[in-house]
Amino acid sequence: MTVRVRFAPSPTGYLHIGGARTALFNWMFARKHGGKFILRIEDTDQKRYVEGAVEAIKDGLTWLGIDWDEGPDKGGSFGPYVQTMRSSLYLTWANRLLDMGHAYKCFCSAEELDEMRKEQTEKKLPLGYDRRCRILTEEEIKKRENETDGFVIRFKMPMDGTTVVKDMIRGEIPYENKQINDAVLLKSDGLPTYHLANVIDDHFMEITHIMRADEWINTAPLHIHLYQAFGWDMPDYAHLPLVMNPSGKGKLSKRSQGFDDSGTEVLVRVDEFEKAGMLPEAVVNFLANVGWNFGEDQEKFTMEEAIPKFNLEDINPAPSQLPYSKLDWLNSKYIQEMSDADLAKALKPYLDAEGLEVTDEALLAIVPAMKVRLKRLTDGEEMLQFLSKDEVFAPEAEKLAHKKIADPLNAIMKARDLIAGLAEFSVETLSAGLSALGEKVTDNEKAGPFLGLMRYAVTGQPVSPPLYESAFALGKESTLERLDRCIELLK
RNA sequence: GCCCCCAUCGUCUAGGGGACUAGGACGUAGCCCUUUCAAGGCUAAGACCGGGGUUCGAAUCCCCGUGGGGGUACCA
């Protein structure tokens with residue numbers, strides 16, 4: 001039997017990072033076992049449907065490098081892969097359940113149900129549908145059908161006995177059947193609820209393993225009874241731990257976006273990670289390390305390395321907060337591994353987004369020097385401002401002074417002459433010439449302070465890449481021009 | 001309220017009865033290096049939620065608390 005797993009998000013707007021991890025674990029599992037990873041869109045709630053959400057989900061997965069074998073655009077022999085396109089199937093099987101006596105029509109209105117819940121809360125009774133329509137007689141059903149606008153179909157959950165959920169991560173969990181509600185399977189709009197749709201789809205799509213978030217575990221007994229009522233084989237279950245807010249309070253939601261109380265940036269949607277300058281390799285690596293881990297005390301790894309080691313049984317059942325600071329660290333590691341050309345290319349859109357104009361040549365020239373300084377691709381902009389518009393260049397006289405350099409004006413003038421006289425303008429010649437000069441103009445004959453001063457004189461920034469590379473990236477003319485402006489300033 | 005899940009440094013985790021003076025990573029602090037800022041190197045502080053059992057022996061097994069999380073929708 002070949003492994004078939006699915007990721008089944010709702011198109012409510014975007015790909016949530018927690019959903020992305022669920023997708024990742026499913027995908028890793030499929031790849032490890034040479035199985036299929038299926039993307040299915042669960043859009044049975046029209047009220048929450050958001051235009052463009054399916055694209056957003058696909059874009060997010062694609063960006064992360066998670067590819068699917070069957071899905072809405074891709075096709076496959078088990079389609080369609082969008083639930084609203086399968087609605088007649090759910091209707092058929094819901095009616096079959098009705099015929100078999102496993103389900104019943106419920107005519108309760110929303111108001112009636114609200115009333116019931118209110119009463120339950122007041123009397124401190126267990127919350128849930130009291131099955132009042134389950135005991136309707138044939139005549140009453142006929143009568144209601146004529147009187148009422150619509151009805152839903154509910155499942156007849158056994159009222160006694162226990163159901164054991166076998167979970168690959170948590171082991172066996174017994175549930176008392178009477179605790180499980182008679183869930184709605186088919187809504188009055190004719191569309192199925194999650195419970196009906198996922199069971200039918202997973203069966204007909206021949207899903208072998210269901211890996212889904214832990215929030216579903218309490219409905220697993222219902223799903224088990226649904227499979228039994230249909231007479232279908234059960235897939236295996238694995239309920240994945242939830243991803244929580246950085247505060248540890250509640251599951252991570254879009255409301256957590258922005259900065260939390262401690263000032264850490266909270267990224268929730270996958271596209272936010274991209275916007276924040278994260279590399280997909282780093283994000284995927286990061287995600288794989290939450291709830292699961294590579295082992296061997298190794299934090300950084302590729303998916304290629306991780307897939308063979310991936311085991312459902314190794315997943316930590318405890319919910320976890322995302323260690324965002326670790327992502328920054330990982331991201332910087334991945335940036336440092338990139339080739340200069342690749343990094344320059346990756347940086348470009350982020351510089352463009354900030355309106356920073358830098359030539360490709362200058363960018364490529366400075367990339368080696370700044371690479372090690374970048375945590376995120378967005379960090380480049382600030383560091384490279386000196387390369388862009390000259391109007392940004394505004395050094396301050398006080399900062400051009402250094403206590404170990406007796407005569408900064410003279411030092412800069414000498415440096416200017418030296419650079420002007422350079423036959424070849426390169427990192428090497430700048431390095432040789434300026435370090436030698438530095439030793440002469442400094443009190444203690446160490447070039448350090450002078451080079452720091454020069455770096456500021458050339459870039460006008462308190463923080464920038466090192467001097468030689470910065471000057472080289474700037475070009476000879478601009479460098480000289482800027483030194484002239486510093487000289488004027490000091491005179 | 002009722003049901004379910006979970007519990008190791010601040011965070012992510014290793015650990016599945018003796019190998020634990022509880023390991024790693026991020027973060028934090030200090031030092032070194034240094035051309036600012038980084039990176040790198042070294043060092044430090046830092047955890048088995050509590051109580052009962054079981055056992056010669058429990059971070060590891062069981063029970064009870066406590067804490068956190070989830071569910072209890074014609075949402076998924």
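Which residues does T479 touch, not counting residues up to four places away in sequence? T479 touches I419, F425, V458, A471 and L474, where contact means heavy atoms within 4.5 Å. This is a predicted model, in which local features need pLDDT of at least 70 and side-chain atom pairs count only at pLDDT 80 or more, while totals for chains, interfaces and linings use all residues. Residues are numbered from 1 along each chain as its sequence is written, chains are lettered from A and ligands numbered from 1 in the order in which they are written, and side-chain values use heavy atoms, with hydrogens and water left out.

The place of T479 is in helix α19, residues 476–490, helices being DSSP runs of H or I with at least four residues and strands runs of E with at least two, numbered from the N terminus. At 0% relative accessibility T479 counts as buried, a word that stands for under 20% relative accessible area, with exposed for over 50% and partly exposed in between, using a 1.4 Å probe and protein chains only. The side chain of T479 also reaches the backbone oxygen of A471 at 3.3 Å, a polar contact, that is, a pair of N or O atoms within 3.5 Å in which, within protein, one must be able to donate a hydrogen and the other to accept it, and residues adjacent in sequence count only if both atoms are side-chain atoms.

The largest nonpolar core has 111 residues, and those with the most contacts inside it are M28, W292, L434 and F450; such a core is a set of buried Ala, Val, Leu, Ile, Met, Phe, Trp, Tyr and Cys residues joined through side-chain atoms within 4.5 Å. Helix α1, residues 17–32, gives the most to this core, with nine residues. A second, separate core of 34 residues includes Y90, W93, L97 and L222. Helix α7, residues 220–230, is largely enclosed by the rest of the structure, because 10 of its 11 residues are buried, among them L222, H223 and F230. After α7 comes G231, whose phi is positive, near 80°.

In a regular strand the side chains alternate between the two faces of the sheet. In β4, V152 and R154 lie on one side and I153 and F155 on the other, and all are buried, so that both faces are covered. Strand β3, residues 103–106, pairs with β4 in the antiparallel sense over four bridges, and the bridge partner of Y104 in β4 is R154; strands pair if DSSP finds at least two bridges between them. R154 also stands opposite V184 in β7.

Turning to RNA strand B, 66 residues lie around it, of which K187, N218, G291, R373 and Y468 come nearest; a residue is near a strand if one of its heavy atoms lies within 4 Å of it. The largest share of this surface, five residues, comes from α11. Of the atoms of RNA strand B within 4 Å of the protein, 70% belong to sugar or phosphate and the rest to bases. A polar side-chain atom of T44 lies 2.9 Å from a phosphate oxygen of the RNA, and one of E42 lies 3.1 Å from a sugar or linking oxygen.
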